[in-house]
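This report describes a helix, a strand and the side-chain packing around them.

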Amino acid sequence: MNALTSVSLRAYQQSLINGVYERWQQGDRRVMAQLPTGGGKTICFGAIAQEFTSRSETVLILAHREELVTQARDKVGAIANVDTGVIKAGYKPNYDAPVQVASVQSLVRRLNAFECPSLIVIDEAHHSTANTYRTILEAYPDAYVLGVTATPPRLNG
C-alpha cells in the first residue's frame with residue numbers, strides 16, 4: 001500500500017505513513033502512530049483514508065469530542081476528495097458516504113447502522129482502552145485499525 005495524496009506531506013509524515021503500511025503488510029492489523037501536537041496526525045490519516053477510498057473501501061474515524069469530529073470530517077473529506085458522513089447526535093447521517101466520522105458515544109449505540117469498514121482510525125487513541133471503544137472494535141473485527149495520538153500512555157490507567 002502506498003499513500004496517493006494530493007496533499008504535500010512532510011518527510012516525517014510520509015515516514016510515519018510508510019511505517020504504518022509496513023506494519024500492516026507484516027500482519028499487524030492494529031497499529032498506533034504517534035506524532036506531537038501540531039505534527040499533522042489528521043493530514044496523515046487523511047492521506048491513508050484517501051488510499052482506502054481510492055480502492056472503494058470505507059473508512060470509519062472515531063473521535064470523542066465534537067471539535068475532533070468536525071475537524072476530521074472537514075480535513076479528511078478535502079484530502080480524500082470524498083463525501084464524509086457524521087454519526088453524532090444532532091447531525092443528519094449519510095451512511096452512503098465512503099468516510100464516516102463518528103462520535104464514539106453515538107456510534108456505540110448505532111453499531112448496526114454501519115457495515116464493517118475496511119479501516120478504523122481512532123483519533124486521540126490513548127482513550128481507546130475505554131469500554132465504548134472496545135465495543136466498537138469488537139463489532140468490526142476485520143477492519144484495519146490505526147490509532148493516532150500525541151500521548152500513547154494513558155495516565156489514568
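The model is a predicted one, in which local features need pLDDT of at least 70 and side-chain atom pairs count only at pLDDT 80 or more, while totals for chains, interfaces and linings use all residues. Residues are numbered from 1 along each chain as its sequence is written, and side-chain values use heavy atoms, with hydrogens and water left out.

Helix α2 covers residues 41–54 and reaches 20 Å from its first C-alpha to its last, close to the 20 Å expected at 1.5 Å a residue; the expected span is 1.5 Å times one less than the number of residues. Helices (H or I, at least four residues) and strands (E, at least two) are DSSP runs numbered from the N terminus. Among the buried residues of α2 are Cys-44, Phe-45, Ile-48 and Phe-52. Their cover includes the helices α1 (11–25) and α3 (66–80), together with the strands β2 (59–63), β4 (99–103), β5 (119–123) and β6 (144–149); contact here means heavy atoms within 4.5 Å. After α2 comes Ser-56, which has a positive phi, near 60 degrees.

## Strand β6

Strand β6 is also largely enclosed by the rest of the structure, because 6 of its 6 residues are buried. In a regular strand the side chains alternate between the two faces of the sheet. In β6, Tyr-144, Leu-146 and Val-148 point one way, and Val-145, Gly-147 and Thr-149 point the other way.

Two strands pair if DSSP finds at least two bridges between them.

| Partner of β6 | Sense | Bridges | Opposite residues |
|---|---|---|---|
| β5 | parallel | 5 bridges | Asp-123 and Val-148 |

Together with helix α5 (residues 131–139), β5 and β6 make a right-handed β-α-β unit. Right-handed means that, with the strands pointing away from the viewer, the path from the first strand over the helix to the second runs clockwise.

## Nonpolar cores

A nonpolar core is a set of buried Ala, Val, Leu, Ile, Met, Phe, Trp, Tyr and Cys residues joined through side-chain atoms within 4.5 Å. The largest has 30 residues, and those with the most contacts inside it include Trp-24, Phe-45, Ile-48 and Leu-146. Two or more residues of this core come from each of α1, β1, α2, β2, α3, β4, β5 and β6. The most, 6 residues, are given by α2. Apart from this core lies another, of 17 residues, among them Ala-102, Val-104, Ile-122 and Leu-137.

## Aromatic pairs

There are 4 aromatic pairs in the structure. Rings of Phe, Tyr and Trp (its six-membered ring) pair if their centres lie within 6.5 Å; planes under 30 degrees apart count as stacked, over 60 as edge-to-face and the rest as tilted. The ring centres of Tyr-21 and Trp-24 are 5.9 Å apart with the planes at 55 degrees, so this pair is tilted. Tyr-21 and Trp-24 lie 3 residues apart in helix α1, about one helical turn, and both are buried.

Trp-24 also forms a tilted pair with Tyr-144, at 5.1 Å centre to centre and 55 degrees between the planes. This pair links distant parts of the chain, as Trp-24 in helix α1 and Tyr-144 in strand β6 are 120 residues apart. Ring pairs join Tyr-21, Trp-24, Phe-52 and Tyr-144 into a cluster.

Notes. Buried < 20%, exposed > 50% of the residue type's maximum accessible area, 1.4 Å probe, protein only.
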